Amino acid sequence: MDAKQTAEYLNMSLAWIYREAPRLGLTAYKFGRGRTAKLQFKVSEVQAWVGQQKLPAG
């Protein structure tokens, strides 16, 4: 899925996706160069990343 779809899926802003997602371990795949480059995310990896964000019960 592209960056906008990922932002919608995570209920986060598109700016957050570009700024924070890579820093927090959400792997993006870059296609193209420079200003026209597009970020893509694997659905399975986004879902796995979400699963890792759970807080422990307690």
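Helices here are DSSP runs of H or I with at least four residues, strands are runs of E with at least two, and both are numbered from the N terminus. With that settled, Asn11 sits in the loop between α1 and α2. Asn11 is not a glycine, yet its phi is positive, at about 60°. Asn11 counts as exposed because its relative accessibility is 67%; the cut-offs are over 50% for exposed, under 20% for buried and partly exposed in between, with a 1.4 Å probe and protein chains only.

A word on the ground rules. This is a predicted model, where local features need pLDDT of at least 70 and side-chain atom pairs count only at pLDDT 80 or more, while totals for chains, interfaces and linings use all residues. Numbering starts from 1 along each chain as its sequence is written, and side-chain values use heavy atoms, with hydrogens and water left out.

**The chain as a whole**

The chain has three helices and two strands, and from the N terminus on they run α-α-β-β-α. Its C-alpha trace spans about 45 × 20 × 20 Å along the principal axes. Of its 58 residues, 24% count as buried. The chain exposes about 4,500 Å², with carbon and sulfur atoms supplying 54% of that; the areas come from the Shrake-Rupley method with a 1.4 Å probe, and for residues only the protein chains shown count as cover.

On charges, there are 9 positive and 4 negative side chains, and the centres of the two sets lie 6 Å apart. Lys and Arg count as positive, Asp and Glu as negative, and His and the chain ends are not counted. Each charge is placed at NZ of Lys, CZ of Arg, CG of Asp or CD of Glu.

**Phe41 and Thr6**

Phe41 lies in the loop between β2 (38-40) and α3, and Thr6 is in helix α1 (residues 3-10). Setting aside residues up to four places away in sequence, Phe41 touches Met1, Asp2, Ala3, Thr6, Ile17, Leu26, Thr27, Ala28 and Val46, where contact means heavy atoms within 4.5 Å. With the neighbours within four places left out, Thr6 is in contact with Met1, Ile17, Leu26, Phe41 and Val46. Phe41 and Met1 are 40 residues apart in sequence, but their C-alpha atoms are 5.3 Å apart. A polar atom of the Thr6 side chain also lies 2.8 Å from the backbone oxygen of Asp2.

Here are some buried residues with their relative accessibility:

| Residue | Relative accessibility |
|---|---|
| Thr6 | 0% |
| Phe41 | 3% |
| Glu20 | 15% |

Glu20 belongs to the loop between α2 (14-19) and β1 (29-31). Its side chain makes a polar contact with the side chain of Arg23 at 2.4 Å. A polar contact is a pair of N or O atoms within 3.5 Å; within protein, one must be able to donate a hydrogen and the other to accept it, and residues adjacent in sequence count only if both atoms are side-chain atoms.

**The aromatic pair**

The structure holds one aromatic pair. It is formed by Trp16 and Trp49 and is tilted, at 6.3 Å centre to centre with 55° between the planes. Trp16 is in helix α2 and Trp49 in helix α3 (residues 43-52), so the pair ties together parts 33 residues apart in sequence. Both Trp16 and Trp49 are buried. Rings of Phe, Tyr and Trp (its six-membered ring) pair if their centres lie within 6.5 Å; planes under 30 degrees apart count as stacked, over 60 as edge-to-face and the rest as tilted.
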